[in-house]
Number of protein chains: 2
Amino acid sequence: MPNFAALPGFRDFYPDDLAVRTHIMRTWRSVARRYGFEEYDGPPLEPLDLYTEKSGPEIVQQLYNFTDKGDREVSLRPEMTPTLARMVGARAGGLRKPVKWFSIPQLFRYERQQRGRLREHFQLNLDIVGEPGVGADAELLAAAIDVLRAFGLTADDFVARVSDRRLLRALLLHAQVPEERLTLVYNIVDKLERETRDAITARLSGEAGLGDTVVEEVLAIFRHRDFDAVREAYGGIAGLGEEIARLGEYFSALDAMGLGAFVRFDLSVVRGLAYYTGAVFELFDARGELRAIAGGGRYDNLLKQVSDADLPALGFGMGDVVLRELLADRGLLPRAERRLDAYLVAITPEERPEMLGLAHQLRDAGWAVDYGLRHLGVGKQFKNAAALNARRTVVLGPDEIADGVAVIRDMESGEERRVPLADVASA
Amino acid sequence: MPNFAALPGFRDFYPDDLAVRTHIMRTWRSVARRYGFEEYDGPPLEPLDLYTEKSGPEIVQQLYNFTDKGDREVSLRPEMTPTLARMVGARAGGLRKPVKWFSIPQLFRYERQQRGRLREHFQLNLDIVGEPGVGADAELLAAAIDVLRAFGLTADDFVARVSDRRLLRALLLHAQVPEERLTLVYNIVDKLERETRDAITARLSGEAGLGDTVVEEVLAIFRHRDFDAVREAYGGIAGLGEEIARLGEYFSALDAMGLGAFVRFDLSVVRGLAYYTGAVFELFDARGELRAIAGGGRYDNLLKQVSDADLPALGFGMGDVVLRELLADRGLLPRAERRLDAYLVAITPEERPEMLGLAHQLRDAGWAVDYGLRHLGVGKQFKNAAALNARRTVVLGPDEIADGVAVIRDMESGEERRVPLADVASA
């Protein structure tokens, strides 16, 4: 007799865990709907090419990919955006723009196992397709912030770090970084927070081969720690002014929504290099103890890569794992409680038919009801009612049946009432 | 530029389709909770052995199985029960009995593609573990019936065909069918509805090698079309009487719940041969046009096969595909409607900051709100409000801003009101 366990990196959701997952998903859905997003879903298994087309062949080593029985190369989905792009692309002509869609897929990556790192997680994906203007970028970040606010998190708990790939590119070109070395420089500045200034300087000179004045210009860009300073330094320069004005509009929109306190401008946020084409953001816990809670931005080139449609697009993903850690840490997880509206008690086996009838009547009225599936001693039945956290017990004995009533006991107050059987549901 | 599509047999859920799926899942959850079941979930990917242990090696040809990057033999889950048995078994000592759990997994089978047959579906799974008595069997079937009733289906739309593997076995043994040919006979009578009486008779004599009187006895068993007739014929016979009394209790419990009209006794319902050990049932549409809507029964031997725990268990599965066909056929699918509480209209671009502030305020108050992500002509904005089926428009122009008000227009009645900006959420 073998003893089976879940695969490493996969979670079993026992009822208490599932209640937390339900709370998270319900909150995600509620905010997405308030923002006018519609839910969609795609298959958890997709053609492998869909992912290599977006991310290159290297992605395969991180995938749950295999050859199916029809000789197709397939993969469990590692992310949702390619599916979204495929689905929107396939019906691009018939869909009202902007498309505002969300989804809550389970995603899979074959990560080398370390420190209990998971190989699956659930992720809220919220995307806007068909709108090139920054109004859409502001709407997207506002939604991400409001999702966290809906869990009870405040500006003391998390921050959105915002950058813009178009502005960063323009600034680096203006600093005389050669176009062909931009990617290298992105990679180096992406480490700004984790490496010393000297190390960065050495890499910009060595790896990227930039001259001393160019290195100084590049470092100067990142010395500006807020948007106003960047605007002041570069706002009047041709080719930069437009980018800065556009980003200014983005921050103004977030201010108008009352969300300015959650947003911090930080040009060192780089994210997926080949992928993002405009504003990008990451949400972090304010103490900087956890991995990113969410991340996203504008990716205007993806749709034409996987479909016939060439539409601008932007979106973010928020996983359930880091979020759950943060909520647990802040005491914001709901206490799992299974609460029955009533537990029915039969004094003798003779009342079981009436008890079954009453159970059905109450359930039809929408009550959550349980009872002993076999006759048990009365004490044991009351014990079960308490263990299942029932709001009330409804007791039927020979006397009650004779009188056509039930005794309803409120389990909190202990108060008892005799109520005609037909009226229990409205009692 | 490749043009991607979903894999054959996999569904894309565009928002209108997803709305139907949500309606189905919400109804499933609602009834499960009324019956006091708690939701759980397991991984969609499991060790392959978990399925071959239950169903034998032949199952592999129907599975999405593969070797993962850590050389594990794994499979997408084709059914939920092995996962349930594994999870309950792993914590058997600590769980309150009976365990009443439900789940809504997506399941995968590599079926040869025919007539658009799907390779994935969603399935409500509802199981009770740890209770051997027929009270649990009645509770389970009542829940299955009430799930369909909750969709608006009636006794005119569907029927539960019920049999009992223990009684059938006892009846066949009493008819002098040798123990070692029981499985063969089960397989033959399973076709009773689809083959002629002569064909069945020939197979019982030929394949099963039964003598003429035994064949006659076997056929006589199935000539009884209701439970009372079986009780009258066999109730007094030792070894049969106990089984019949037990099943009588089961039907009485369903009668006591007022569900007798949905249930039909039918000994020819056989189901999974090696698997079921007691009462079994299948739910069919009353016109007999569709495949089974749901099926299940008692499987007391599974837990000890996949865990250290030896606990009696029973459960059923109900897929989303046949159910959806039936609901569509009966006009019981909800009309997909995306209904915004408000669409905000700005007369000129100057009102956008106030509009964004108002959008955020209304969303914080729980409203579903949308607006143009860029400024559009007023006519176009009203057109969008109508297309998105908004309940109201909230209009902001220069005059309104000057007066600190918004104009709320009810989109159904056309009625308009001027309301102070701060009071729109409560208007």
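Author: Happy to! The radius of gyration is taken over C-alpha atoms, and the globule rule is 2.2 Å times the number of residues to the power 0.38. By that rule, a compact globule of 427 residues would have a radius of gyration near 22 Å, whereas chain A has 29 Å.

Reader: And what box do the C-alpha atoms of chain A fill?

Author: Along the principal axes, the box is roughly 95 × 55 × 45 Å. Before we go on, two notes on where the values come from. This is a predicted model, where local features need pLDDT of at least 70 and side-chain atom pairs count only at pLDDT 80 or more, while totals for chains, interfaces and linings use all residues. Residues are numbered from 1 along each chain as its sequence is written, chains are lettered from A and ligands numbered from 1 in the order written, and side-chain values use heavy atoms, leaving out hydrogens and water.

Reader: Got it. How many helices and strands does chain A have?

Author: Chain A has 15 helices and 17 strands. These are DSSP runs numbered from the N terminus: helices are H or I with at least four residues, strands are E with at least two.

Reader: What rotation puts chain A on chain B?

Author: A rotation of 180°, with 0.0 Å of shift along its axis, superposes chain A on chain B with an RMSD of 0.0 Å. That is the relation of a two-fold axis. In chain A, F66(A) has the C-alpha nearest the axis, 3.2 Å from it.

Reader: How many residues are in contact between the chains?

Author: 96 residues of chain A are in contact with 96 residues of chain B, contact being heavy atoms within 4.5 Å. About 8,300 Å² is buried between the two chains, and carbon and sulfur atoms give 57% of that. Buried area is the accessible area (1.4 Å probe) that two parts lose on being put together, summed over both.

Reader: New topic: which residues does a cis peptide bond join in chain A?

Author: K97(A) and P98(A), with omega about -5°. P98(A) lies in the loop between α3 (81-90) and β5 (99-103). In chain B, the bond from K97(B) to P98(B) is cis too, with omega near -5°.

Reader: And what is the phi of D71(A)?

Author: D71(A) has a positive phi of about 65°, although it is not a glycine. D71(A) lies in the loop between β3 (65-67) and β4 (73-76) of chain A. Most residues other than glycine have a negative phi, and most peptide bonds are trans.

Note on methods:
Copies are superposed by least squares on the C-alpha atoms of residues with pLDDT of at least 70 in both.
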